[in-house]
Amino acid sequence: MIFSLKKYGSVLVEDIELAKVGNTAAQTLIYESYSPMVYGIAKRIFRETGYAEDILQDTFIDVFTKLNTFRGDSPLGAWIRRIATNRCLMLLRSSWVSKSIDVDIYTSTPSHEDEIILQEELELAIATLSIQARAVLWLHDVEGYKHREIAKMLGKTESYSKSQLARAHIKLKSFLEKVYESKEDRWIAR
């Protein structure tokens with residue numbers, strides 16, 4: 001049997017075909033290649049490790065049970081990203097998550113050490129958002145979905161998506177301005 005050497009990220013078409021028939025080495029390669037991406041998506045939306053691990057597990061269960069439906073029209077990573085996004089949205093819509101209050105929001109301010117990296121500040125700012133706002137922010141600003149698509153995924157209106165995103169941007173801007181004002185005050189005092 002001759003296989004194409006077409007690649008999907010670090011995964012060859014041959015690996016995908018082997019994974020479809022249950023080859024554990026090929027499945028492990030796919031998992032190891034794409035699990036950081038899936039975990040990152042879930043962690044950014046939910047922040048909680050438990051939710052992120054659940055999303056990771058459920059996503060790859062879906063990947064390996066539905067791999068026969070992967071046609072190769074798009075990159076494997078994009079297909080897996082879509083499954084992970086759908087899993088996040090399903091959990092977000094679940095009564096367990098949607099009725100819970102986001103009580104574990106960070107209430108502390110970042111340290112004022114000169115070595116604070118912008119990434120850490122942004123992650124902390126994003127952590128102050130509600131689960132719904134983080135999901136809309138991630139889907140719109142990072143994944144590139146339109147408000148119409150986000151509204152459909154969340155089972156909400158388009159205006160809901162727009163208002164969640166606007167509020168998230170305002171809150172992020174305010175949080176980051178406070179961080180930088182504190183830094184400037186400290187620098188001036190030197």
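Residues are numbered from 1 along each chain as its sequence is written, and side-chain values use heavy atoms, with hydrogens and water left out. Because the model is predicted, local features need pLDDT of at least 70 and side-chain atom pairs count only at pLDDT 80 or more, whereas totals for chains, interfaces and linings use all residues.

**Overall architecture**

The chain has nine helices and two strands; helices (H or I, at least four residues) and strands (E, at least two) are DSSP runs, numbered from the N terminus. Read from the N terminus, the order of the elements is β-β-α-α-α-α-α-α-α-α-α. Of the 190 residues in the chain, 41% are buried; buried means under 20% relative accessible area, exposed over 50%, and partly exposed in between (1.4 Å probe, protein chains only). A contact requires heavy atoms within 4.5 Å. Among contacts between residues at least 6 apart in sequence, 63% join residues at least 24 apart.

**Aromatic contacts**

Four aromatic pairs occur in the structure. The ring centres of phenylalanine 60 and phenylalanine 64 are 5.9 Å apart and their planes stand at 35 degrees, so this pair is tilted. By definition, rings of Phe, Tyr and Trp (its six-membered ring) pair if their centres lie within 6.5 Å; planes under 30 degrees apart count as stacked, over 60 as edge-to-face and the rest as tilted. Both phenylalanine 60 and phenylalanine 64 belong to helix H3 (residues 49-66), where they are four residues apart, about one turn of the helix.

**Accessibility of selected residues**

| Residue | Relative accessible area | Class |
|---|---|---|
| Phenylalanine 60 | 4% | buried |
| Phenylalanine 64 | 25% | partly exposed |
| Aspartate 15 | 15% | buried |
| Histidine 147 | 15% | buried |
| Alanine 166 | 38% | partly exposed |

Aspartate 15 is found in helix H1 (residues 13-20). Leaving aside neighbours within four places in sequence, aspartate 15 is in contact with Ala26, Leu29 and Ile30. Histidine 147 belongs to helix H8 (residues 147-154) and, with residues up to four places away not counted, touches His140, Glu158, Ser161, Lys162 and Leu165. Between the C-alpha atoms of histidine 147 and valine 136 the distance is 8.6 Å, at a separation of 11 residues in sequence. Alanine 166 lies in helix H9 (residues 158-189); its C-alpha is 9.0 Å from that of leucine 137, 29 residues apart in sequence.

**The largest pocket**

The largest pocket holds about 150 Å³ of space. On a 1 Å grid over the protein atoms alone, a pocket is an open set of points with protein on both sides within 12 Å along at least five of seven lines, and lining residues have an atom within 4 Å of a point. Grid points are joined across faces, edges and corners, and the volume is the space filled by probe spheres set on the points.

Of the 11 lining residues, Arg44, Ile126, Leu137, Trp138 and Val142 lie nearest the centre of the pocket. Helix H6 (118-127) and helix H7 (131-142) each supply at least two residues of the lining, and H7 gives the largest share, five residues. The lining divides into six nonpolar, one polar and four charged residues; Ala, Val, Leu, Ile, Met, Phe, Trp, Tyr, Cys and Pro count as nonpolar, Asp, Glu, Lys and Arg as charged, and the others, Gly among them, as polar.

Conventions
1 Å grid on protein atoms, 1.4 Å probe; cavity = no way out; pocket = protein on both sides within 12 Å on 5 of 7 lines; lining within 4 Å.
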